Amino acid sequence: MLAALLPTHAGPGLPTAPLSGSRWLTAWSFEPVPVLTIALSALVYLWGVQRLRAAGTAWSVGRTVSFVVGGLGSALIATCSALGTYDEVLISVHMVQHMILAMITPVFLALGAPVTLALRTLPARPRGWLLALVHSRVAAVLTFPVVAGALFIVNPFVLYFSGLYELTLQHDWLHQLVHLHFVAVGLLWYTPLIGVDPLPRRQSYPLRMIAAFLTLPFHAFMGVAIMSMTTLIAGDWYTAQDRAWGPSPLTDQHTAGGILWSSGDLVGLVVFTALFRQWVRASQREARREDRRLDRLEAEEAARAARAARFAGAADQQPR
């Protein structure tokens, strides 16, 4: 019913050359929607950094590199390189693209602290709107680890085990929207986990570690399920291509399941490790703050004792 109401994406425009050898490096296709979105995001972010520097305020180079190179750069590779060119031809290629947009791009975007940058550079009224959004009840619910983690886990199950995935292949605007959806859901999950932007409520590191650990197995479960399937996901789409090169659609689907299984655990463990390092650094910073506080209290106590000694000495020297 829904498919009949949507404009159909034409299949004949798909690439027919085999994806092998140098094609992995040269088969780029610069579609306007992702290119303009990524370019505009980079320009706005760099404009904010330049405005801060012009005002004499420092901004971490690491955050800039993380957002522009790691975040937006990985999104460009996922949507415009051979991964974007062949993502509708091979589900294994799509799966690599999916993992980049859902698990790599959001990590680097979150570490780039775009909300913090916006709060430091926007005029008063837009900054007030952004602060109201950041501290709203909706933001508090969506960034709560249980809710964000559930969305992150359920998202691929709904996409691949329903008719939605085939619709994204048939309709280009929906295909582009799903790419944005991957990044958005990833940001909802990784921002409260390892991000540095302000949130309505920041969970403790032990709770974040537990949440990260609990999500590790689910991509593996789904990957194994796809590897075990004997029916095709979006079978009508892939069989209609009648591809004369590469693996069969079912073999390619099993490869996609293996990619989901292995890369999900790998990226999850990397994030788990990064979160543990953040926890250690936060503990070290807290220890240094406590040391400074104790040193300050000790100095104040010594000063009070010295003043008391001086007053006592002055009192003894008064004529009786």
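Which residues in helix 7 meet which residues in helix 8? Val115, Ala118 and Leu119 in helix 7 meet Arg127, Leu130, Leu131 and Val134 in helix 8, where contact means heavy atoms within 4.5 Å.

## Basis of the model

This is a predicted model, in which local features need pLDDT of at least 70 and side-chain atom pairs count only at pLDDT 80 or more, while totals for chains, interfaces and linings use all residues. Residues are numbered from 1 along each chain as its sequence is written, and side-chain values use heavy atoms, with hydrogens and water left out.

## Helix 7 and helix 8

Helix 7 passes helix 8 in a left-handed crossing, a term used if the near helix is turned anticlockwise from the far one by less than a right angle, with right-handed used if clockwise. By class, this contact of helix 7 with helix 8 has six nonpolar, no polar and one charged residues (Ala, Val, Leu, Ile, Met, Phe, Trp, Tyr, Cys and Pro count as nonpolar, Asp, Glu, Lys and Arg as charged, and the others, Gly among them, as polar).

Pro126 also lies in helix 8 and is partly exposed, with a relative accessible area of 27%; buried means under 20%, exposed over 50%, and partly exposed in between (1.4 Å probe, protein chains only). Pro126 and Trp28 are 98 residues apart in sequence and 37 Å apart in space, C-alpha to C-alpha.

The axes of helix 4 (residues 61-80) and helix 6 come within 7 Å and cross at roughly 165 degrees. That angle makes helix 4 roughly antiparallel to helix 6, since angles over 145 degrees count as roughly antiparallel, under 35 as roughly parallel, 65 to 115 as roughly perpendicular and the rest as oblique. Helix 4 passes helix 6 in a left-handed crossing, and the residues in contact include Phe67, Gly70 and Gly71 of helix 4 and Leu101, Ile104 and Phe108 of helix 6. These contact residues divide into 10 nonpolar, seven polar and one charged.

Helix 6 (residues 91-111) also packs with helix 12, at an angle of about 40 degrees and with their axes 7 Å apart, and the two are therefore oblique to each other. Their crossing is right-handed, and among the contributing residues are His94 and Met103 of helix 6 and Phe182 and Tyr190 of helix 12. This contact of helix 6 with helix 12 has 13 nonpolar, seven polar and no charged residues.

## Gln176 in helix 12

Gln176 lies in helix 12 (residues 172-194) and is buried, with a relative accessible area of 13%. Its side chain makes a polar contact with the side chain of Glu31 at 2.6 Å; such a contact is a pair of N or O atoms within 3.5 Å, and within protein one must be able to donate a hydrogen and the other to accept it, while residues adjacent in sequence count only if both atoms are side-chain atoms. Leaving aside residues up to four places away in sequence, Gln176 touches Glu31, Val33 and Pro34.

## Two loop residues with positive phi

Most residues other than glycine have a negative phi. Ala234, in the loop between helix 13 (205-228) and helix 14 (235-241), has a positive phi of about 55 degrees and counts as buried at 9% relative accessibility. Asp242, in the loop between helix 14 and helix 15 (249-316), has a positive phi of about 50 degrees and is exposed, with a relative accessible area of 68%.

Key
Helix = DSSP H or I, 4+ residues; strand = E, 2+ residues; numbered from the N terminus. Axes fitted to C-alpha atoms, helices over the stretch in contact; angles between N-to-C directions.
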